[in-house]
Amino acid sequence: MMTDPIADMIVRLRNGKKAKMAHVDIPASRIKAGIAKILLENGYVKNVKYIDEGAQGTLRIYYKYDEQRVCAIEGLKRVSLTSRRVYVPKDKIPRVMGGFGIAVISTSKGLMTDKECHALGVGGEVLCHIW
């Protein structure tokens with residue numbers, strides 16, 4: 001049994017990036033699909049596909065590389081853990097790498113980036129940082 005599926009997703013993405021894989025397969029869930037959608041919208045990955053197999057399904061995330069085979073994702077970090085949740089109000093939303101990265105935040109209005117939370121004036125649980 002997996003205790004932290006978001007941390008598992010981050011580790012799989014990090015390991016696939018280090019191995020310079022074309023894509024990585026992750027067991028699907030709604031929260032992981034939301035994080036993958038944010039990665040796609042912000043240009044960190046090339047494509048995201050849902051493969052309907054078994055009871056759960058699989059998310060296939062395709063990495064985005066440049067001409068020198070450098071991945072668009074430089075780093076990923078899990079912030080809020082199962083044992084220690086990190087919540088922030090709307091005026092304390094973190095900036096990642098001075099604004100070059102994004103923070104994925106779970107709000108009452110769904111998953112959002114730190115920039116979207118600033119614009120809408122909402123806070124929530126900081127899931128992870130991506131740069």
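**Figure 1. Lys37 and Glu41 lie in helix H2.** Helix H2 covers residues 30-41, and Lys37 and Glu41 are four residues apart in it, about one turn of the helix. Helices (H or I, at least four residues) and strands (E, at least two) are DSSP runs, numbered from the N terminus. The model is predicted: local features need pLDDT of at least 70, side-chain atom pairs count only at pLDDT 80 or more, and totals for chains, interfaces and linings use all residues. Residues are numbered from 1 along each chain as its sequence is written, and side-chain values use heavy atoms, with hydrogens and water left out. Lys37 and Glu41 form a salt bridge, with 3.8 Å between the closest N and O atoms. A salt bridge here is a side-chain nitrogen of Lys or Arg within 4 Å of a carboxyl oxygen of Asp or Glu. Lys37 and Glu41 are both exposed; this term stands for over 50% relative accessible area, buried for under 20%, and partly exposed for values in between (1.4 Å probe, protein chains only).

Figure 2. Arg12 has 31% relative accessibility, so Arg12 counts as partly exposed.

**Figure 3. Asp114 forms a salt bridge with Lys115.** Their closest N and O atoms lie 3.8 Å apart. Asp114 is buried at 3% relative accessibility, whereas Lys115 is partly exposed, with a relative accessible area of 44%. Side chains of opposite charge can pair when their charged atoms come close. Over the whole structure, the search finds six salt bridges.

**Figure 4. Strand E3 pairs with strands E1 and E2.** Two strands pair if DSSP finds at least two bridges between them. Strand E1 (residues 23-27) runs antiparallel to E3 (residues 58-63), with five bridges between them. Ile26 stands opposite Leu59 of E3. Strand E2 (residues 45-51) is also antiparallel to E3, and six bridges join the two. Thr58 in E3 is the bridge partner of Ile51. In the hairpin of E2 and E3, six residues lie between the strands, and Gly54 takes a positive phi near 70 degrees.

**Figure 5. The rings of Tyr63 and Tyr65 form an aromatic pair.** Rings of Phe, Tyr and Trp (its six-membered ring) pair if their centres lie within 6.5 Å; planes under 30 degrees apart count as stacked, over 60 as edge-to-face and the rest as tilted. The count by this rule is one aromatic pair. The centres of the Tyr63 and Tyr65 rings are 6.1 Å apart and the planes are at 45 degrees, so the pair is tilted. Tyr63 is buried, at 1% relative accessibility. The charged end of Arg69 sits over the ring of Tyr65, 4.2 Å from the ring centre. For a charge to sit over a ring, NZ of Lys or CZ of Arg must be within 6 Å of the ring centre and within 35 degrees of the ring normal.

**Figure 6. The sulfur atoms of Cys71 and Cys128 are too far from other cysteine sulfurs for a bond.** A disulfide is a pair of cysteine sulfur atoms within 2.5 Å, and the whole structure has zero disulfides. For Cys71, the closest cysteine sulfur is in Cys128, 15 Å away. For Cys128, the closest is in Cys117, at 12 Å. Cys71 is buried, with a relative accessible area of 13%, and Cys128 is buried, with 1%.
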